[in-house]
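Subject: Structure for your review

Dear colleague,

Please find below the sequence and structure that I am handing over to you. My notes on what was found follow directly after.

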Amino acid sequence: ATQPYDDQNIFAKILRGEIPSSKVYEDAHALAFHDINPQAPTHILVIPKGAYVSWDDFSDRASDEEIAGFVRAVGKVARAAGLVAPGYRLLANTGPDSNQEVPHLHVHIFAGAPLGPMLA
Ligand code: 5GP
């Protein structure tokens, strides 16, 4: 990993139940909750339960089971929220140029309205 995992990051605290979140889904590998500052009508964050800083860290160190479980969880959240037909966007900021703010891997799910071009 390019940086050590900080177990005091806000999503680690959410995973431990130390601060509340608006949970939409949970299984052995993933937790999904509403973003506190939504950038689309539907804005959900999906995080792996393991201690991974970023997409880069996760794709490098996580087991195949963790990766499969997490990817399936993202799809399950989107299906359960009824987002497949209207469509949705996934985003995972990784590293300094991406402006990743929380150093625990999270996949953003944006949906609920036409989203426009990327990076608009
Ligand atoms: P990043 O910029 O790291 O890709 O995205 C971090 C996201 O986490 C932001 O969209 C921000 O609104 C969200 N966020 C930050 N702190 C909290 C929190 O305490 N609770 C929830 N639900 N979302 C948070």
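Strands, in the sense used here, are DSSP runs of at least two residues in state E, numbered from the N terminus. With that in mind, β1 and β2 are joined by a hairpin through 3 residues. Strand β1 covers residues 23–26 and strand β2 residues 30–34; the two run antiparallel and are joined by 3 bridges. Within this pair, Lys-23 stands opposite Phe-33 of β2.

Please keep in mind that this is a predicted model. The mean pLDDT of the protein is 96, and 98% of its residues reach 70 or more. For the complex, the predictor gives an ipTM of 0.99 and a pTM of 0.97.

I turn next to the ligand. There are 13 residues around the ligand, and those that come nearest are Ile-36, Asn-37, Asn-93, Glu-101 and Val-102. Sorted by class, this shell consists of 5 nonpolar, 6 polar and 2 charged residues.

One further residue deserves a paragraph. An unreviewed UniProt entry places the feature "active site" at His-106. His-106 is found in the loop between β4 (88–91) and β5 (107–111). Is His-106 buried or exposed? His-106 counts as buried because 25 other C-beta atoms lie within 10 Å, and the cut-off for a buried residue is 20 or more. Leaving aside residues up to four places away in sequence, His-106 touches Phe-11, Leu-45, Val-46, Ile-47 and Ala-92.

Yours sincerely

Note on methods. Residues are numbered from 1 along each chain as its sequence is written. This is a predicted model: local features need pLDDT of at least 70, side-chain atom pairs count only at pLDDT 80 or more; totals for chains, interfaces and linings use all residues. A residue is near a molecule or strand if its C-beta atom, placed from the backbone, lies within 6 Å of it. Ala, Val, Leu, Ile, Met, Phe, Trp, Tyr, Cys and Pro count as nonpolar, Asp, Glu, Lys and Arg as charged, and the others, Gly among them, as polar. UniProt positions are given in the numbering used here, feature names are shortened, and annotations may be inferred rather than shown by experiment. Helices (H or I, at least four residues) and strands (E, at least two) are DSSP runs, numbered from the N terminus. A residue is buried if 20 or more other C-beta atoms lie within 10 Å of its own, exposed if 12 or fewer, and partly exposed in between; C-beta atoms are placed from the backbone. Two residues are in contact if their C-beta atoms, placed from the backbone, lie within 7 Å. pLDDT is the predictor's confidence in each residue, from 0 to 100. Two strands pair if DSSP finds at least two bridges between them.
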